Amino acid sequence: MERFNADICNAVNDWLRSAVKNVVIIPHVNPDGDAIGASIGLNDVLRNAGFETQVIVPNDYPAYLNWLGTESSPLIYEQSTEQCQHIIDRADALFFLDFNDSKRLGKLEDYLKTNTKPVVLIDHHPDPQIQAEYLFSDTNVSSTAELVYDFIEALGMLDYIGPVGANALLTGIIADTGSFSHNASRHSTFRIVGELIIKGADKEKINDSLFNNFSEKRIRLLGYCLSEKMETFPQFKSALIWLTANELKQYDFHPGDTEGFVNYPLSIKGIVFSAFFMEKNGIVKISFRSKGNFATNEFSGTHFNGGGHRNASGGETKLPIKEALALFRSLLPAYGQQLNKN
Ligand code: 5GP
Ligand code: MN
């Protein structure tokens, strides 16, 4: 409750109770555990509170998150475009979760360009660039799922969190903190985790579905990637891994298979900056991770049309992958001093 201004929370409460029946909840494109967990968590609570709700994701999400869905699991805009448009048209309110820029709406961006419905944004990325009636943004919070919990608490709706919502929200927190290894030093995160466990979240099952639920091919792809496709730059405390579309095909790639690959080089002593480049849908998608102060989101924003958090960000480029990799290697010396400060 302390996190959010009480007047704003009262205003949201009055508005929800007086003017809202149909709610649509939308997370970012290529949704991850936090985007899906926060969305399903909020969906479940609002539904239990009597609202008509629907989660609409811009595109497909990894299968290991399927178990979180309720009887009304998320609709995928790229696959059921007309149905999604119809549901959005009927909505009284849109909740945008876990993104700070409308570019992250994927193909939904176009459809929502002319949107006049009230938007509530709940997010933990820096500098939100989204027009919203109500904006709940805090970059210090572990995950959007944690912020959703705060939002629910501020609205006096905690009693509506059942096991479905509790599992979804805890999934978001565990996914975005790498099982409490980063961005999880605040005691409030652990207070909320405790409450979610009381409400029926199954931490073992969540951990298992996030981290021990891969295909054999995915593990072999990881092995191949680390053994054959990793370059280290000890003088810049950096490492690079990359995969081409052909390699992904050889290993029967499915969405989500490469999630987490970028973290492995950071487990090498002395490496504080890791980059992962992969060919995806005709472009090169990039993930960056760092330890300590190195701001990967600034690096990504300056050179790779991206953004995100200081220690976890992403970007993309239309350059052929060889050129994108060459650009990355050529940029490192200019950041040598910053990287070596870590
Ligand atoms: P991941 O590497 O897991 O795809 O993304 C890590 C974080 O980087 C995400 O939480 C998101 O905030 C950010 N991110 C990833 N890709 C992009 C992108 O293309 N543009 C922007 N602005 N942020 C991104
Ligand atoms: Mn997040």
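Is Arg104 buried, partly exposed or exposed? I looked this up at the start, in a predicted model. Arg104 has 31% relative accessibility, so I noted it as partly exposed. The classes I used are buried for under 20% relative accessible area, exposed for over 50% and partly exposed in between, with a 1.4 Å probe and protein chains only.

**Conventions.** I number residues from 1 along each chain as its sequence is written, and chains are lettered from A and ligands numbered from 1 in the order in which they are written. In this predicted model local features need pLDDT of at least 70 and side-chain atom pairs count only at pLDDT 80 or more, while totals for chains, interfaces and linings use all residues; side-chain values use heavy atoms, with hydrogens and water left out. Helices (H or I, at least four residues) and strands (E, at least two) are DSSP runs, numbered from the N terminus.

**Arg104.** I placed Arg104 in the loop between strand 4 (93-97) and helix 4 (108-112). Contact means heavy atoms within 4.5 Å. With neighbours within four places in sequence left aside, I found Arg104 in contact with His28, Val29 and Phe99. I also looked up Pro31, which is 73 residues from Arg104 along the chain; the two C-alpha atoms are separated by 9.8 Å.

**Asn22.** Asn22 is in strand 1 (residues 22-27). Not counting residues up to four places away in sequence, Asn22 touches Glu52, Arg90, Ala91, Asp92 and Ala93.

**Helix 2 and helix 6.** Two packed helices are described by the angle between their axes and the distance between the axes. I took axes as lines fitted to C-alpha atoms, for helices over the stretch in contact, with angles from 0 to 180 degrees between N-to-C directions. The axes of helix 2 (residues 33-48) and helix 6 come within 7 Å and cross at roughly 160°. I therefore put helix 2 and helix 6 down as roughly antiparallel to each other. The angle classes are roughly parallel under 35 degrees, roughly antiparallel over 145, roughly perpendicular from 65 to 115, and oblique for the rest. The crossing of helix 2 and helix 6 is left-handed. That term applies if the near helix is turned anticlockwise from the far one by less than a right angle, and right-handed applies if clockwise.

From helix 2, I listed Gly33, Asp34, Gly37, Ala38, Ile40, Gly41 and Asp44; they meet Val164, Gly165, Ala168, Leu169, Thr171, Gly172, Ala175 and Asp176 in helix 6. By class, this contact of helix 2 with helix 6 has 6 nonpolar, 6 polar and 3 charged residues. Ala, Val, Leu, Ile, Met, Phe, Trp, Tyr, Cys and Pro count as nonpolar, Asp, Glu, Lys and Arg as charged, and the others, Gly among them, as polar.

**Helix 6 and helix 8.** Helix 6 (residues 163-176) and helix 8 (residues 203-211) have axes that come within 10 Å and cross at roughly 55°. Helix 6 and helix 8 are therefore oblique to each other. I noted their crossing as right-handed. Asn167, Leu170, Thr171, Ile174 and Ala175 in helix 6 meet Lys203, Ile206, Asn207, Leu210 and Phe211 in helix 8. The contact of helix 6 with helix 8 has 6 nonpolar, 3 polar and 1 charged residues.

**Aromatic pairs.** I searched the whole structure and got 24 aromatic pairs. Rings of Phe, Tyr and Trp (its six-membered ring) pair if their centres lie within 6.5 Å; planes under 30 degrees apart count as stacked, over 60 as edge-to-face and the rest as tilted. The ring centres of Phe4 and Phe136 are 4.7 Å apart and the planes lie at 65°, so I logged the pair as edge-to-face. Phe4 lies in the segment before helix 1 (6-19) and Phe136 in strand 6 (residues 134-137), so the pair ties together parts that are 132 residues apart in sequence. Phe4 and Phe136 are both buried.

I then took Phe273 and Phe299: their ring centres are 5.2 Å apart with planes at 75°, so this pair is edge-to-face. Phe273 is in strand 9 (residues 273-280) and Phe299 in helix 11 (residues 296-303), 26 residues apart. Phe273 and Phe299 are both buried. One aromatic cluster includes Phe273, Phe277, Phe288 and Phe299.

**Ser300.** Ser300 lies in helix 11. Its relative accessibility is 0%, so Ser300 counts as buried. Among the residues that Ser300 touches, I noted Phe288, Asn305 and Ser313.
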